[in-house]
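Dear colleague,

I am passing on the structure we spoke of, and below it you will find my notes on what turned up in it. Please read them with the coordinates open beside you.

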Amino acid sequence: MKYSTTLNVNGIDYPVEIEAERSLLSVVRTEIGLTGPKEGCDDSECGACMMLLDGKAVNSCSYLALQAQGHKITTIEGLSEGDDLHPLQANFLEQGGVQCGFCTPGMLISASALLQANPSPTEDEVRIALSGNLCRCTGYDGIVKAVLITAGELAAQGA
Amino acid sequence: MASSGTRTLVRGRIGELVLRPDGVPKVTGAFQFASDLSREGMAWGVTVRSPHAHARIAAIDVSEAAALHGVLAVLTHADVPGRKTYGMEHHDQPVLAWDEVRYEGEPVVIVAAVDLETARLAAARVRVHYEELPVVTWDDGIVLRHVPIRHGDQEVSAEVVVSGTYEVGMQDQAFLGPESGLAIPAEDGGIDLHVATQWLHVDQEQVAASTGLTLEQTRLHLAGVGGAFGGREDVSMQIHASLLALRSGRPVKMVYTREESFYGHVHRHPARMRYEHGATRDGRLVYVKADVLLDGGAYASSSPAVVSNAATFAVGPYRVESATIDATVTLTNNPPCGAMRGFGAVQVAFAHEAQMDRLAAALGIDPVDLRIANALTTGDRMITGQLVEGPAPVAELLERLRAMPLPPDTAMLPSDQRDLPGGLANVTHGEGVRRGVGYAIGFKNIGFSEGFDDYATARVRVSLVDGAPRVEVHTAACEVGQGLVTVLAQIARTELEIADVVVLQADTLVGSAGSTSASRQTWMTGGAVRLACEAVRARLHELSPERHVEETAEHHHRPTVPLDPVTGQGDSVVALAFAAHRAVADVDCELGLVRVVEIATSQDVGRIINPIQCEGQIQGGIAQGLGLAVMEEIQLGAGRIRNASFTDYLIPTVLDMPTVRLDILETPHPLAPYGLNGVGEPPTIASTPAVVAALRDASGIALARVPVRPEDLTTSSSSVSSS
């Protein structure tokens, strides 16, 4: 049986007809057509599927799409504004935080949730916040640096 | 383009910090990985796999599956029109099993349906009747290849002798993007296969042979690759998706689940090794004897080449008068093993470096001093008799590594809980925590060895676009995350002094580039791009708005020869690369918990082509070495994988990964374009033994097996035999 619902993704309302057991990841990728979030494990272990739900990072592979109704969903596609990269995105590139890129969408979502909650994290806090996102290519060094540099830049802009 | 008068160099040449051209799509989510592809009318393919490690197939009944509404094709071995087996060199693996299954997870039936759910339902309705057979594992495998090395006087004795037995567990590449691809039937009766792979042309040959298509009808296109590390060198879903697409007449997509991915690609060979080192009392290596046994699993894959590496690099980068090596790989009913970053050098490095530490202890010599005293150098001979012609800065790397400052001993201070082993689990306040430091060095070959005609092809075209020159670089070399597309563009800019360079998506419409493995692509395909650019440059005067200039070139490395089957002697390798590691670790000796505090490394990269990518390879390779040292193992019981998930197969998280202190040496390699050398694999070789050496130093326990588990650190009854 399918249910009609509306999902607000990156500020746009998408009406969808979906079965109750469908994951948010599956619906966003196949019904809405945003393939930025990835399925790396379907088990809440790797974090490649992460999206923001009202600003909080969730593993969308293990979140029912119907539960997301009424919430603001942000995927990697919604992180930048227009053609300008979000500072996190730019710093990930400049610090070597991206190799194959499969973990990158979830990693960026996690990092952006952290900076919204804690604009000036310590390195330990960055590592704890990203510990639900696996990366097999980079050894994480460029990723951690990118988040710390971004926090510094945002603080300087705010000052 | 720069004019001849006031000539300024274009930016983005080799050696500069250039950002990857696929970077922006990767951070915005626009980059299309193989699993993101779709086409109008696309169907989904699913694989039915053996639940047994060894069984006879008595009957296969697909009628119930085929009758399900929405099912488009259900195929067995009988539906494979061409060659019914595949394999990179040895075609020994059934496309779909017929009489027997030889490992758990072996494909038996494939299904295509209108959607993924229907395909999975149909797969569940395939009935295969198995009769289980005895499972062959370690002790009674069939020898696939034995590589003996007899170097120097075989009747030697020494004043000081140490011996030990060592084991390495089965490691998984654990790339984040599972196997996937999309096969699209073409109007000419052929197929266009978009796939995440490491080697398009070797896939093309195998897809064509089994589908019965010609090579021209079998066109492969590289789709976005979510990491590789050796695990995509063998065919996974390539032939299956193509067969389903040809049968159903529809585009067919296949994407493995994470669990399936553990069954769907080869792993790093587990190893059992027995070593004996003899030395003079003043610390000169006299002989090394080693028996190395690798479990190849059910099919050959690249095992014959892996075991050759295990033999060739068995003693490590040391000068030794006499070596007696027997390296063997066997066929068993364990999961097939093949290529993984480090390729045979990783397993033996764990043993030879443990032995060097044991020897140093027996001699009362500092372990780094002992290594330096026996360091291989240019002009020495390897145990294969091959002269070391290129740079071999073994002593220099060790000296530089030792000179790097050590991290402060936080265990001695009232510290943050998170800095202790066990971290936030709050299991200790520092009592029982001891710090250890360990050193290791390793080396391996760059490029394919033993007579393989290793080459790469590149096509370079310059045309005028709105009056400005643009370069298009077309190769079949696979970008798998390492950043090849960046360096190929840097090479083209350097050679042609044209800023606008586009690296086209790799496909089989241009000649082979060989495999993205053996740390070879920057050297090989980079070399081919350089040659093609040189040929284009000579003709640039022909360039006009109406006429482009295009050249295709092949880069071959110098020939090598197979190892002699009796003596193991021969000039089998092209070039060598070296890296040394120092690990500092804190161990809670009561609970067996480990925190690796820092890994320092000195690595010779020949020449840095792209600093950020070069460092990225080193950092990432060390993370995988750390994983093998303390957490990563595919656990097997009677041939069955017991931990096929990221819940149970653990790879390092950002909390496990310590600070890495980098020291990059640039000794130009005389054989390579621009003096560069392979970078990707050396970080994964000595990082594992360095971490374990630090754990031994902290715990005082011999630790003869990786990954080291907490229980290994709390018992003193470890299994290393003493001489």
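**Domains of chain A**

In chain A, 15 residues of domain 1 are in contact with twelve residues of domain 2; please keep in mind throughout that this is a predicted model. On the domain 1 side of that contact, the elements that give two or more residues are strand S3 (50-53) and strand S4 (56-59) of chain A, and S3(A) supplies the largest share, three residues. Sorted by class, the residues on this side of domain 1 of chain A comprise nine nonpolar, four polar and two charged. The assignment itself places domain 1 of chain A at 2-78 and domain 2 of chain A at 87-158, and the C-alpha centres of these two domains lie 22 Å apart.

Helix H1 (residues 24-31) of chain A has A:Leu24, A:Leu25, A:Val27, A:Val28 and A:Arg29 as buried residues, and the buried residues of H1(A) pack against strand S1 (2-9), strand S2 (12-19) and S3 of chain A.

**Contact between the chains**

Between the two chains, the contact takes 43 residues from chain A and 40 residues from chain B. On the chain A side, the elements giving two or more residues are helix H2 (87-94), helix H3 (104-117), helix H4 (123-129) and helix H5 (141-158), among which H2(A) gives the most, with four residues. By class, this side of chain A has 19 nonpolar, 14 polar and ten charged residues.

**Domains of chain B**

For chain B the assignment gives domain 1 (23-31 + 455-556), domain 2 (34-134 + 174-264) and domain 3 (271-448 + 565-714). The centres of domain 1 and domain 3 of chain B, taken over C-alpha atoms, are separated by 35 Å, and 15 residues of domain 1 are in contact with 17 residues of domain 3. On the side of domain 1 of chain B that touches domain 3, helix H11 (484-496) and helix H12 (521-537) of chain B are the elements that give two or more residues, with H12(B) giving the most, six residues. The class composition of that side of domain 1 of chain B is four nonpolar, nine polar and two charged residues.

**A helix pair and the nonpolar core**

Also in chain B, the axes of helix H8 (residues 345-363) and helix H14 (residues 687-699) come within 8 Å and cross at roughly 40 degrees, and the crossing of H8(B) and H14(B) is right-handed. From H8(B), the residues B:Val346, B:Ala349, B:Phe350, B:Glu353, B:Ala354 and B:Asp357 meet B:Thr688, B:Pro689 and B:Ala693 in H14(B), and by class this contact has six nonpolar, one polar and two charged residues.

Finally, the largest nonpolar core has 289 residues, and those with the most contacts inside it are B:Val109, B:Val111, B:Val292, B:Ala492, B:Ala585, B:Val691 and B:Leu695. With its neighbours within four places in sequence left aside, B:Val292 is in contact with B:Ala271, B:Met273, B:Ala310, B:Ala311, B:Ala314, B:Ala327 and B:Val348.

With best regards

Notes. Residues numbered from 1 in each chain as written. Chains lettered and ligands numbered in written order. Predicted model: local features only at pLDDT ≥ 70, side-chain atom pairs only at ≥ 80, totals over all residues. Axes fitted to C-alpha atoms, helices over the stretch in contact; angles between N-to-C directions. Left-handed = near helix turned anticlockwise from the far one by under 90°. Contact = placed C-beta atoms within 7 Å. Nonpolar A, V, L, I, M, F, W, Y, C, P; charged D, E, K, R; others polar. Domains from an automatic or database assignment. Core = buried A, V, L, I, M, F, W, Y, C linked by C-beta atoms within 7 Å. Buried ≥ 20, exposed ≤ 12 C-beta atoms within 10 Å, placed from the backbone.
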